[in-house]
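Hi there,

Here is the structure I promised to pass on to you. Please have it open while you read, and my notes follow just below.

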Amino acid sequence: MRTREKAMQLFDTLTEEQLKVFILLFQNSYTPNAETIDAMQEADIIAHDASVEGYTNITDLMEALDAE
């Protein structure tokens, strides 16, 4: 199944409220504020920093959090 077909199937399952949110998101009516932009830039830096420990599953993440 093509991506467009999958999207249309998903779209058909959305409630009226979800459709309203969808429209707001994709009409470019959302402009992130400076704090959000800063956070997104920081996340991008962290995501590409090999020295930052990452986790590939929730079990390892939870074990690391419990160890703190």
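Phe 26 is exposed, at a relative accessible area of 60%; here buried means under 20% relative accessible area, exposed over 50%, and partly exposed in between (1.4 Å probe, protein chains only). Before going on, please note that this is a predicted model, where local features need pLDDT of at least 70 and side-chain atom pairs count only at pLDDT 80 or more, while totals for chains, interfaces and linings use all residues. Residues are numbered from 1 along each chain as its sequence is written, and side-chain values use heavy atoms, with hydrogens and water left out.

Now to the rings. Two aromatic pairs turn up in a search of the whole structure; rings of Phe, Tyr and Trp (its six-membered ring) pair if their centres lie within 6.5 Å, and planes under 30 degrees apart count as stacked, over 60 as edge-to-face and the rest as tilted. Phe 11 and Phe 22 have ring centres 5.3 Å apart and planes at 65 degrees, so this pair is edge-to-face. The pair joins distant parts of the chain, with Phe 11 in helix H1 and Phe 22 in helix H2, eleven residues apart. Helices here are DSSP runs (H or I, at least four residues), numbered from the N terminus. Phe 22 and Phe 26 have ring centres 4.7 Å apart and planes at 40 degrees, so that pair is tilted. These two residues lie four apart in helix H2, which means about one helical turn separates them. Phe 11, Phe 22 and Phe 26 form one aromatic cluster. Phe 11 is partly exposed at 32%, and Phe 22 is partly exposed at 33%.

H2 gives the most to the patch, with five residues.

Gln 18 is in helix H2 (residues 16-26). A polar atom of the Gln 18 side chain lies 2.8 Å from the backbone nitrogen of Thr 15.

Best wishes

Technical notes. Polar contact = N/O pair within 3.5 Å; in protein donor to acceptor, adjacent residues only side chain to side chain.
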